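Biologist: I am new to this structure. Please take me through the terms used for it, and show how each one is reached.

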Amino acid sequence: MAAVQLISFGYLHGAAPAAHLTVDLREHFRDPHVSPELRYMTAEDAPVRDAVRSTPGIRDLVAATARAVTAFASGPSAGAVTVADGCAGGRHRAPTFALLLAERLRAQGHEVTVTHRDLSRPVVER
């Protein structure tokens with residue numbers, strides 16, 4: 001199977017990284033940032049991961065994105081496939097989505113690396 005690079009990021013910290021596929025999680029999925037008890041946590045904390053995982057539609061989007069990766073990987077070039085997924089600050093939805101996608105892709109036999117570009121950045125007050 002193809003090598004896959006997943007990059008989570010926050011749009012409030014800069015432009016999306018170059019990728020074959022970019023997934024924007026800002027509009028359609030609940031933002032844990034709006035919950036005061038989750039705001040200063042990150043995807044490294046179980047309550048944030050649980051909140052994102054329980055968001056309606058997120059698992060369907062993970063499955064659809066995994067299918068898209070497989071389509072890219074089955075093309076005539078042998079290069080790695082890069083997927084960037086972003087949310088507002090890059091601390092909650094995007095890194096959790098990247099971890100869920102990585103888990104699914106690894107189960108399908110892909111070699112996956114995950115980078116969280118903005119996970120350690122400070123909370124953007126909005």
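Biologist: Why is A43 called buried?
Modeller: This is a predicted model, and in it A43 has a relative accessible area of 5%. Buried means under 20%, so A43 is buried.

Biologist: Where is A43, and which residues is it in contact with, leaving aside neighbours within four places in sequence?
Modeller: A43 lies in the loop between helix 1 (36-39) and helix 2 (46-53). Its contacts, with those neighbours left aside, are V48, R49, R91, H92, P95, T96 and L119. L119 is 76 residues away from A43 along the chain, and the C-alpha atoms of the two are separated by 7.8 Å.

Biologist: What makes L105 buried or exposed?
Modeller: The relative accessible area of L105 is 0%. The cut-off for buried is under 20%, so L105 counts as buried. Not counting residues up to four places away in sequence, L105 touches V4, L6, A66, V69, H110 and V112. The C-alpha atoms of L105 and M1 are separated by 9.7 Å, while the two residues are 104 apart along the chain.

Biologist: Which residues make the contact of helix 3 with helix 4, and how do they divide?
Modeller: From helix 3 come I58, R59, L61, V62, A63, T65, A66 and V69; they meet F97, L100, L101, R104 and L105 of helix 4. These residues divide into 10 nonpolar, 1 polar and 2 charged.

Biologist: How do you know which strands stand at the edges of the sheet?
Modeller: The open sheet has 4 strands in the order 2-3-1-4, with parallel pairing. Strand 2 (21-24) and strand 4 (111-116) each have a single partner strand, so one side of each is left without a neighbour in the sheet. From one strand to the next, the twist averages 15 degrees.

Biologist: What makes strand 2 and strand 3 a pair?
Modeller: At least two bridges are needed for two strands to pair. Strand 2 and strand 3 (residues 81-87) have 4 bridges, so they pair, in the parallel sense. Among the bridge partners in strand 3 is V83, which is the partner of L21.

Terms used. Residues are numbered from 1 along each chain as its sequence is written. This is a predicted model: local features need pLDDT of at least 70, side-chain atom pairs count only at pLDDT 80 or more; totals for chains, interfaces and linings use all residues. Side-chain values use heavy atoms; hydrogens and water are left out. Helices (H or I, at least four residues) and strands (E, at least two) are DSSP runs, numbered from the N terminus. Axes are lines fitted to C-alpha atoms, for helices over the stretch in contact, and angles run from 0 to 180 degrees between N-to-C directions. Contact means heavy atoms within 4.5 Å. Ala, Val, Leu, Ile, Met, Phe, Trp, Tyr, Cys and Pro count as nonpolar, Asp, Glu, Lys and Arg as charged, and the others, Gly among them, as polar. Buried means under 20% relative accessible area, exposed over 50%, partly exposed in between (1.4 Å probe, protein chains only).
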